[in-house]
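Me: I'm new to reading protein structures. Could you walk me through this one, feature by feature?
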Amino acid sequence: MDTGTTGTTGASGTAPGPQRAEGPGTSGAAGAAGAAGAFAGEPVWTGLPRGLLRMRRMLLVVWLVPLAGALGVVLWLFVGPAWAAFAALPLATAAWSWFLLERNWQSWRYAERADDLLISRGVLWREETIVPYGRMQLVEVTSGPVERHFGLAGVQLHTAAAATDARIPGLDPQEAERLRDRLTELGEARSAGL
């Protein structure tokens, strides 16, 4: 395996929710047990903060509700009042997407293992990306204006092959910085050992 790999599998029911567990850097018996499980081969998954779901839902409302209002006015003025009912389509889409966004948010999780980082996502088609620490070339923390408003940041992982670059969105900034520093340190240690 030269760089990170990505695998996709079909759905088998509903996606599991985020499973938060104490990672290797935590203290206590649960943290030690979680660290032992992570390095013994059983991944300890960490879900994304709920702030990511709130941000995505806010963007959904900001875009689709004004669209529905504008569509209703245009149809009312130029086609007729009966046609204005078609403005409910963006609202129905928003209502349906409201629940889909939660399922998508629940599907995102990541796990730090001894030699690589796992990123899992997807509801219908599960996708799991494995990024070996020794193949990471750059780890950066990014945060756009909307993400900063919600107190979120993302971690972008760059490897030798652009197709295997991975991203973990919607993390707390402190967790994003901790993950960046840890992945950079592990990446340097693994690449020095090659």
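Me: Start with contacts along the chain. What share of the contacts with a separation of 6 or more comes from residues 24 or more positions apart?
Reply: The share is 57%. Keep in mind that this model is predicted.

Me: How many helices and strands are there in the chain?
Reply: The chain has five helices and eight strands. Read them in order from the N terminus: β-α-β-α-α-β-β-β-β-α-β-β-α.

Me: Next, burial and surface. What percentage of the 194 residues is buried?
Reply: A residue counts as buried when its relative accessible area is under 20%. In this chain, 38% of the 194 residues are buried. The chain exposes about 10700 Å². Carbon and sulfur atoms supply 62% of that area.

Me: Which residues of α2 are buried?
Reply: They are G51, L52, L53, M55, R57, L60, L64, A68, G72 and L75. Now look for their cover. It includes α3 (88-107), α4 (145-149) and β8 (166-171).

Me: How do I describe two packed helices?
Reply: Give the angle between their axes and the distance between the axes. For α2 and α3, the angle is about 170° and the axes are 9 Å apart. An angle over 145 degrees counts as roughly antiparallel, so α2 and α3 are roughly antiparallel to each other.

Me: Which residues of α2 and α3 meet?
Reply: From α2, the list is R50, L52, L53, R56, R57, L60, V61, L64, V65, L67, A68 and L71. From α3, it is P90, L91, T93, A94, S97, W98, L101, E102, N104 and W105. Compare this with the buried residues of α2: L52, L53, R57, L60, L64 and A68 are among them.

Me: Now a strand. Where is R121, and is R121 buried or exposed?
Reply: R121 lies in strand β4, residues 116-121. R121 counts as buried, because its relative accessibility is 18% and the cut-off is under 20%.

Me: What does the side chain of R121 make a polar contact with?
Reply: Its partner is the side chain of T129, at 3.2 Å. Then widen the view to contacts of any kind. Leaving aside neighbours within four places in sequence, R121 touches S107, W108, R126, E127 and T129.

Me: What about a loop residue? Where does L124 lie?
Reply: L124 lies in the loop between β4 and β5 (126-132). L124 is exposed, with a relative accessible area of 53%. The C-alpha atoms of L124 and R103 are 10.0 Å apart, and the two residues are 21 apart along the chain.

Me: Where is R148, and is it buried or exposed?
Reply: R148 is in helix α4. At 54% relative accessibility, R148 is exposed. R148 and P173 are 25 residues apart in sequence, yet 8.9 Å apart from C-alpha to C-alpha.

Me: One last residue. Where is D181, and how exposed is D181?
Reply: D181 belongs to helix α5, residues 173-193. D181 is partly exposed, at 45% relative accessible area.

Technical notes:
Residues are numbered from 1 along each chain as its sequence is written. This is a predicted model: local features need pLDDT of at least 70, side-chain atom pairs count only at pLDDT 80 or more; totals for chains, interfaces and linings use all residues. Side-chain values use heavy atoms; hydrogens and water are left out. Helices (H or I, at least four residues) and strands (E, at least two) are DSSP runs, numbered from the N terminus. Buried means under 20% relative accessible area, exposed over 50%, partly exposed in between (1.4 Å probe, protein chains only). A polar contact is a pair of N or O atoms within 3.5 Å; within protein, one must be able to donate a hydrogen and the other to accept it, and residues adjacent in sequence count only if both atoms are side-chain atoms. Contact means heavy atoms within 4.5 Å. Accessible areas come from the Shrake-Rupley method with a 1.4 Å probe; for residues, only the protein chains shown count as cover. Axes are lines fitted to C-alpha atoms, for helices over the stretch in contact, and angles run from 0 to 180 degrees between N-to-C directions. Angles under 35 degrees count as roughly parallel, over 145 as roughly antiparallel, 65 to 115 as roughly perpendicular and the rest as oblique.
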